[in-house]
Amino acid sequence: MNPNIQASDSAPKEKNTQSTQQLPDFTLIGAGLVGSLLAVYLRKRGFAVDVHERRPDPRVVGAYAGRSINLALSARGIEALKKVGIDREVLGTGMPMKGRIMHSTSGATTEQAYGKEGEQIYSVSRGGLNQTLMSLAEREGARLHFEEKCIQVDPIQKQIVLEQAQAPTIRKQAYQRLIGTDGAYSALRDYMMRSDRFDYSQDYLPHGYKELSIPPTADGSFALSPDSLHIWPRGTYMMIALPNPDRTFTCTLFFPFEGNPSFNSLKDPNDIFGFFQQQFPDALALMPDLVDEYLRNPTSSLVTVRCAPWNLDSDHLLMGDAAHAIVPFYGQGMNCGFEDVRVFDELIDEHHERWDFIFPAFSAHRKANADAIADLAKANFIEMRDKVADPDFLLRKRIEARINQMYPNRWTPLYSMVTFRPDIPYHTALNRGKVQDTWMDQLMKEGDWHQNFGTKAMDDAIARGMETYTESL
Ligand SMILES: Cc1cc2nc3c(=O)[nH]c(=O)nc-3n(C[C@H](O)[C@H](O)[C@H](O)COP(=O)(O)OP(=O)(O)OC[C@H]3O[C@@H](n4cnc5c(N)ncnc54)[C@H](O)[C@@H]3O)c2cc1C
């Protein structure tokens, strides 16, 4: 460890030069959400950290258009921020959301709380959070090098090739330990794929997404209730809206690429307006720039990436989306990446800088959890776009909330396990959720709970069922 290292920020600007300076303990590729938080954690332990980020510094040039304007931050992410004392700073800028509000085509709304009283998730600005984390990383002493894109990794020579946007020049940079926090299309992972017995898969959803917006009302108020996530579920597609502190909402339309209706079929301004008038009339009334935004904003794809192992020997590691990109329907991609960082830090405590233990242990420990949340995220798309409009589904959720109230230590709904219980690993939540589903199927058959919700008969049926329910997995 070399906490006092000076320098490769006076990085050589000449072509094809090799840094001769003392190397930092860790070199990170990518100063996104996970890379910046990891840099904070590593600096807090006194390691020297260099981060190479392909984009310009967003604090200088303004936030770049990321994959979404805002993100839902929940307990796993908050837990990781808390450990380095920055949870309050981040939550102070977030918009608490206590539940979801579903909008039907008639404009009627139905509410569903996310959890118990006091349990909420937070809509935070992606750009703002990234900039905060970058500044904290620098304040702790990490060196961030912007406009340096890693275009090659040589694990044998232990050097990366960086393309600098400014000159442009190419330079080589040696490293001791390299961590790829460079997102779903990771350069490090590209090179790991060439190593023997490295598993890799990626699959795209047939749906893409487009961001739209709802501005404040004429008197400057929020146009919709700001303490909830809004959903317009429409069977095979949906739109959602998350509040922002500036009283706007960022809407995301998740829509098939092909077929009818689809991004491919909906291109004409009149058709776009007509379609929204038919499917999202209450939202359309709040979206004065809809057609312009729809035509102007990009349509992006949604990928799931799985790979294993996440380490190559004890010097190369993947973390965050570079190791496990997932679809956004559980609002967990960043939260899972932040949890990666916390777990990695716990492994350093446990194995005292034995990287030959820590890197493979991290990969083994996190892989099953990342696979679980990838599966849950895909399943939640169907729940959000389709089931949340179904009265039977909503009744089932209300009954689960009642069970949780009666047996708080034995029954936690799946959504709550994933979103509010960092002490329950994702794969345990997935398995417990499956058991609960079967158990709930049975309970739903035992009475007409639409008629008898909240009666003694319902509580008795729950109590009988709980005699056979076991939550341990
Ligand atoms: C539409 C949408 C909505 C989402 N909503 C949520 C949500 O509500 N909650 C949630 O938890 N998650 C959400 N996610 C997921 C979340 O965005 C990601 O999980 C998270 O951004 C992963 O962080 P990361 O740092 O691993 O990767 P990234 O955020 O992708 O950061 C990677 C960084 O590496 C840099 N980089 C890439 N390649 C190179 C290279 N070759 N050289 C140098 N630098 C490089 C990039 O410029 C970037 O700064 C959402 C995702 C999408 C697509």
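User: Why does phenylalanine 275 count as buried?

Analyst: Buried means under 20% relative accessible area, exposed over 50% and partly exposed in between, with a 1.4 Å probe and protein chains only. Phenylalanine 275 is at 9% relative accessibility, so it counts as buried. Two notes on the source: this is a predicted model, where local features need pLDDT of at least 70 and side-chain atom pairs count only at pLDDT 80 or more, while totals for chains, interfaces and linings use all residues. Residues are numbered from 1 along each chain as its sequence is written, and side-chain values use heavy atoms, with hydrogens and water left out.

User: What makes tyrosine 237 and phenylalanine 280 an edge-to-face pair?

Analyst: Rings of Phe, Tyr and Trp (its six-membered ring) pair if their centres lie within 6.5 Å; planes under 30 degrees apart count as stacked, over 60 as edge-to-face and the rest as tilted. A search of the whole structure finds 29 aromatic pairs. In this one the centres are 6.3 Å apart and the planes are at 80°, so the pair of tyrosine 237 and phenylalanine 280 is edge-to-face. Tyrosine 237 sits in the loop between β14 and β15, and phenylalanine 280 in the loop between α7 and α8, so the pair ties together parts 43 residues apart in sequence. Helices (H or I, at least four residues) and strands (E, at least two) are DSSP runs, numbered from the N terminus.

User: How do you know whether those two residues are buried or exposed?

Analyst: Tyrosine 237 has 6% relative accessibility, so it counts as buried. Phenylalanine 280 is buried as well, because its relative accessible area is 0%.

User: Why is the pair of phenylalanine 255 and phenylalanine 275 called tilted?

Analyst: Their ring centres are 5.4 Å apart and their planes are at 50°, so the pair is tilted. Phenylalanine 255 belongs to strand β16 and phenylalanine 275 to helix α7, 20 residues apart. Phenylalanine 255 is at 0% relative accessibility, so it counts as buried. Both residues belong to one aromatic cluster, whose members also include Tyr237, Phe280 and Tyr294.

User: What lies over the face of phenylalanine 357?

Analyst: Arginine 354 does, at 4.4 Å from the ring centre. A charge sits over a ring if NZ of Lys or CZ of Arg is within 6 Å of the ring centre and within 35 degrees of the ring normal. The charged end of arginine 385 also sits over a ring, that of phenylalanine 381, 4.7 Å from its centre.

User: How do you know that the span of helix α15 agrees with its number of residues?

Analyst: The expected span is 1.5 Å times one less than the number of residues. Helix α15 has 20 residues and should span 28 Å; its end C-alpha atoms are 29 Å apart, which agrees.
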